[in-house]
Amino acid sequence: MRYIRQTVLKEFGLDAQKKLTKASVLVVGIGGLGIPVLQYLNAMGVGTLGLVEADTVDITNLQRQVLYTENEVGQSKIAIAISKLKAQNSNTIFKQYNTYLTKDNALNICQDFDVIVDASDNFSTRYLINDVSVLLKKPFVSGAIQGFEGQLSVFNYNNGPTYRCLFPNMPTANEIPNCNENGVLGVIPGIIGNLQALETVKVITGIGEVLSGTLLLFNGLNQNYQKVKFSTIPNNLLVTKLLNSYGNESCNSIFSVSVLDLKEIMDKNIKIQILDVRTNEEYNEYHIINSTHIPLLELEKNYSKIEKSLPVYVICQSGKRSKIAQDKLIKKNINVINIEGGINAYRNLILIE
């Protein structure tokens, strides 16, 4: 009875509903796009939903990320989302990945799902998801937004075109719009996210015509929809492994330096602040002299300890947590530089010297 309003549709029916129940969908990003995708797939009865997100709620999210409320600012997006989605549909199985999707974890995370939904906000993740989907032979539903516009397509569906068939190369940093100068009208992610949910349902159930080989362009100012056709480039289906790097092009990430670069800066006595985000135990075991220690889990409560007047270099044990810290700080308009390899690489450098 729960799904009667869609099972009575002769083009849908009980067979399509059963396919939804058995299906598993991974949604990468729980922001403006990911929220409507998750809410509607959950409501419609998709059996298993995976969520990938490491971010917390920021006050600037609320004009478009309508699942969150004012009193949840600073809290984990993934925890809030799963709590509310469970209240919406207690039959759904939820799998949570409180992390960002990276080349190191993407294959392990994505392999257990039937469809991948790209609801991210950066090119690095889109190209990573594309290559993972080709390797694992899984379709992925991609959406993107900017200003008053959005775009949508389904890639790698039944050996159809991939993301690289449409956009062969990742844009350079100079080609990507400045994140501080380009916003988005709050309702646009809702429109594109709902269309992503629709395409996901079509992929799972086989109803309708999937947007494979077709890019849908939407302009909210004049309610105009355009479709652009594109073809498969066979070589793009021959991915055998992930790249060593997918860049660092998101709005939440900027520059990184090696420990050698850091050592040269320190040797020149240039005034900087080194921010160590490891645990107390790690910091007490070994740390760079005069570094500022703020554990990652306590970062949001201690922004005042960061000296915005100085260049800030953030470090952890291996370079992973420092990237998360970098993302968080940039969202607070605190520009920081990540130290690649972390304390492990720094100690090795010192030992060599």
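Let me begin with a definition: on a 1 Å grid over the protein atoms alone, a cavity is a set of points where a 1.4 Å probe fits but cannot get out, whereas a pocket is an open set with protein on both sides within 12 Å along at least five of seven lines, and lining residues have an atom within 4 Å of a point. Please keep in mind that this is a predicted model, in which local features need pLDDT of at least 70 and side-chain atom pairs count only at pLDDT 80 or more, while totals for chains, interfaces and linings use all residues. Residues are numbered from 1 along each chain as its sequence is written, and side-chain values use heavy atoms, with hydrogens and water left out.

The structure holds 1 cavity of 30 Å³ or more, and about 40 Å³ of space lies in the largest cavity, a volume being the space filled by probe spheres set on grid points that are joined across faces, edges and corners. Its lining is made up of Ser142, Gly143, Ala144, Gln151, Leu152, Ser153, Phe155, Tyr163, Phe167 and Leu215. Strand E5 (140-146) and strand E6 (149-155) are the elements that give two or more residues to this lining, and E6 gives the most, with 4 residues; helices (H or I, at least four residues) and strands (E, at least two) are DSSP runs, numbered from the N terminus.

Finally, where does Gln317 lie? Gln317 sits in the loop between strand E12 (312-315) and helix H11 (320-331), and it counts as buried because its relative accessibility is 18%. The side chain of Gln317 makes a polar contact with the side chain of Arg278, at 2.9 Å; by this I mean a pair of N or O atoms within 3.5 Å, where, within protein, one must be able to donate a hydrogen and the other to accept it, and residues adjacent in sequence count only if both atoms are side-chain atoms.

Conventions:
Buried means under 20% relative accessible area, exposed over 50%, partly exposed in between (1.4 Å probe, protein chains only).
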